[in-house]
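Work through the following exercises with the sequence and the model open side by side, and try each task before reading its solution.

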Amino acid sequence: MKKFCSEFRTFIARGNVMDLAVGVIIGGAFQKIVTSLVNDILMPLVTLFTGGLDFTNHFIVLDGGHYETLTAAQEAGAAVISYGNFLTQVVDFLLMALVIFLLVKGMNRLARETLDKNKTPKEPPRLCPYCKGVVDKEATRCPHCTSMLDGSRPL
């Protein structure tokens, strides 16, 4: 039992586990933002463009009865296939996936622009004037042709 506790403590103390925990917590909070964006902003626009079409009351009653709403059928205990709810969830998923894609794409662009601004321009490599081999900037002799880099040639 003591060995198990020690191994567990080592596992928890690893950086990866802590990073994962932070990621899950941030992801949960981010999910609320994306859900609100989809449900409160995008879905009303979709409803406006579809002429107020509401899929939630599209269903098939398996016992042959007729019910005005899905809630009425479920309260009566009828077996129903509520394909309207399924379609609504598919549209919800696609909109969430689109929002996340656009956010990740924007964040990647921002990160790329930030990295490009922070990069220092790279110096071109120093070349030996005789053999054109790449030489360290502090070298006094070419490691390829052994020429002196101050302009004198080897004997």
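**Exercise 1.** In this predicted model, find which residues make the nonpolar surface patch, and state which element gives the most to the patch.

*Solution.* Start with the members: Ile60, Leu62, Ile81, Tyr83, Phe86, Leu87, Val90, Phe93 and Leu94 make a nonpolar surface patch of about 860 Å². Next, assign them to elements, where α4 turns out to give the most, with six residues. Leu62 has a relative accessible area of 55%, and because the cut-off for exposed is over 50%, Leu62 counts as exposed.

**Exercise 2.** Describe the lining of the largest pocket by residue, by element and by class.

*Solution.* The residues that line the largest pocket are Met43, Val46, Thr47, Thr50, Gly52, Leu53, Asp54, Phe55, Thr88 and Val91. Sorted by class, the lining has five nonpolar, four polar and one charged residues, and the space in the pocket comes to about 180 Å³.

**Exercise 3.** Locate the salt bridge and explain how its two partners are placed along their helix.

*Solution.* Side chains of opposite charge can pair when their charged atoms come close. The count here is one salt bridge, in which the side chains of Lys3 and Glu7 meet at 4.0 Å, N to O. Because Lys3 and Glu7 are four residues apart in helix α1 (residues 2-13), about one helical turn separates them. As for accessibility, Lys3 is exposed at 62%, whereas Glu7 is partly exposed at 45%.

How values were computed:
Residues are numbered from 1 along each chain as its sequence is written. This is a predicted model: local features need pLDDT of at least 70, side-chain atom pairs count only at pLDDT 80 or more; totals for chains, interfaces and linings use all residues. Side-chain values use heavy atoms; hydrogens and water are left out. On a 1 Å grid over the protein atoms alone, a cavity is a set of points where a 1.4 Å probe fits but cannot get out, and a pocket is an open set with protein on both sides within 12 Å along at least five of seven lines; lining residues have an atom within 4 Å of a point. Grid points are joined across faces, edges and corners, and a volume is the space filled by probe spheres set on the points. Helices (H or I, at least four residues) and strands (E, at least two) are DSSP runs, numbered from the N terminus. Ala, Val, Leu, Ile, Met, Phe, Trp, Tyr, Cys and Pro count as nonpolar, Asp, Glu, Lys and Arg as charged, and the others, Gly among them, as polar. Patches are made of residues with over 30% relative accessible area and no salt bridge: like charges are joined within 9 Å, nonpolar side chains (Val, Leu, Ile, Met, Phe, Trp, Tyr) within 5 Å. Accessible areas come from the Shrake-Rupley method with a 1.4 Å probe; for residues, only the protein chains shown count as cover. Buried means under 20% relative accessible area, exposed over 50%, partly exposed in between (1.4 Å probe, protein chains only).
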